[in-house]
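Let's walk through this structure together, one piece at a time.

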Protein chains: 2
Amino acid sequence: MELWEKQVESELVFDGAVVHLYKDKVELPDGTYSMREYVKHIGAVCVIPITDDGEVILERQYRYSVDRVLIEIPAGKLDYVGEDFCEAALRELREETGAVASEMIDMGDYFGSPAIMGEHIRMFMAKGLTFGETELDEGEFLEVFKVPLSEAVEMVLRGEITDGKTQVAILRAAMMLK
Amino acid sequence: MELWEKQVESELVFDGAVVHLYKDKVELPDGTYSMREYVKHIGAVCVIPITDDGEVILERQYRYSVDRVLIEIPAGKLDYVGEDFCEAALRELREETGAVASEMIDMGDYFGSPAIMGEHIRMFMAKGLTFGETELDEGEFLEVFKVPLSEAVEMVLRGEITDGKTQVAILRAAMMLK
């Protein structure tokens, strides 16, 4: 079955500081036309840091778009197009938690909301952690804490961790490390 | 630690068919100000259908925003503000796969991309399935297929399933049903 759609026209309808929103005319597999509104995104990384004691480092962060404080793993956008995902993940880990990792395991891709968000996140597990100073971006407020990985899994199953990339990273880490 | 941000001003900067994009001025926890660009969303549901034989029903769907065919579980937006999540999940399941479920298990919330997307997804597991006709929305092209749940888990771990809600639903279902 043919599933792909072809771009016919593309219009940048809002060019913000963070959000670059496009409205494209596309040709559907049956030859008819439709419009697609979507956010173009430079790409991002997230990283689940596991300490030598088997604890996960997590962050509480207020997310304005959903008006909730969410529990998340460290994450952030690429600094420039084509930046190495692993280097970006090491940077975000250090800036947000102060941790430096001696081992980074690539856990593959995550598309969190692909109907609208063109955000491609590459996911890593960080091990062999040592700790230094944090260095938050301006206007970034985080509360960092640690829980055993088994407790983090329970927090996902109980519905206390609702951020998608964090749910995936915790459940995958639990399966990989058991 | 104070984490919450307060709305100072709100502006609708793009009011599309699907995307409603806002740019708000917010007061940060330290009393300074910042701007937040985000997509307001009516809410959505997703549902992992498990057959009596322990198979998962999945869909291949082209996602224009990421220019990939993704493997996903059935999902869709609410039809109106305040629609019951479970009724919406039953509808999307029936429309996209033809399945009717006699048991729906609430698996809690999923926020796929909360830095920008104000999309709140409620996740369900559907069991006790019987099958009738599909009824796709106009312009919706899907390829429906089934795999054993254990194989779906391997597809997540091998990086073949990259849609976030689908990764979460499969890994959680495997933990709940083992």
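This is a predicted model: local features need pLDDT of at least 70, side-chain atom pairs count only at pLDDT 80 or more; totals for chains, interfaces and linings use all residues.

Which residue of chain A comes closest to the rotation axis? That would be A:G112, whose C-alpha sits at 2.1 Å from the axis. The axis belongs to a rotation of 180° with 0.0 Å of shift along it, which superposes chain A on chain B with an RMSD of 0.0 Å. That is the relation of a two-fold axis.

Residues are numbered from 1 along each chain as its sequence is written, while chains are lettered from A and ligands numbered from 1 in the order in which they are written.

Now for the place where the two chains meet. Chain A brings 57 residues to the contact, and chain B brings 57 residues too; two residues are in contact if their C-beta atoms, placed from the backbone, lie within 7 Å. Several elements of chain A each supply at least two residues to the side that touches chain B, among them strand 1 (6-15), strand 2 (20-27), strand 3 (33-40) and strand 8 (99-110). The largest share, seven residues, comes from helix 3 of chain A, which spans 164-177. Helices (H or I, at least four residues) and strands (E, at least two) are DSSP runs here, numbered from the N terminus. By class, this side of chain A has 31 nonpolar, 14 polar and twelve charged residues. In that count, Ala, Val, Leu, Ile, Met, Phe, Trp, Tyr, Cys and Pro are nonpolar, Asp, Glu, Lys and Arg are charged, and the others, Gly among them, are polar. Finally, 100% of the interface residues of chain A are also interface residues in chain B, so the copies meet through the same surface.

You'll find A:P114 in the loop between strand 8 and strand 9 of chain A. Is A:P114 buried or exposed? A:P114 is buried, because 26 other C-beta atoms lie within 10 Å. The scale works like this: a residue is buried if 20 or more other C-beta atoms lie within 10 Å of its own, exposed if 12 or fewer, and partly exposed in between, with C-beta atoms placed from the backbone. Leaving aside neighbours within four places in sequence, A:P114 is in contact with B:R63, B:S65, B:V66, B:L70 and B:D163. Within chain A, the C-alpha atoms of A:P114 and A:Y38 are separated by 8.8 Å, though these residues are 76 apart along the chain.

Let's step back to chain A as a whole. Chain A holds three helices and eleven strands, and its elements run β-β-β-β-β-β-β-α-β-β-β-β-α-α from the N terminus on. Its C-alpha atoms fill a box of roughly 55 × 40 × 30 Å along the principal axes, and buried residues make up 44% of the 178 residues. Chain A is divided into domain 1 (6-40) and domain 2 (44-177), with bounds from an automatic or database domain assignment. The centres of the two domains, taken over C-alpha atoms, are 30 Å apart.

Next, look for a sheet. Three strands of chain A form an open sheet in the order 6-5-11, with antiparallel pairing. Strands of a sheet pair through backbone hydrogen bonds, either parallel or antiparallel. Strands count as paired if DSSP finds at least two bridges between them, and strand 5 and strand 6 of chain A pair over five bridges. One example is A:R60, whose bridge partner in strand 6 is A:I71.

The loop between strand 5 and strand 6 of chain A holds A:D67. A:D67 has a positive phi of about 55° although it is not a glycine. A:D67 is partly exposed, with 13 other C-beta atoms within 10 Å. In chain B, B:D67 also has a positive phi of about 55°.

One last stop is A:V81, in the loop between strand 7 (75-77) and helix 1 (85-97) of chain A. A:V81 is exposed, because 7 other C-beta atoms lie within 10 Å.

Key: Copies are superposed by least squares on the C-alpha atoms of residues with pLDDT of at least 70 in both.
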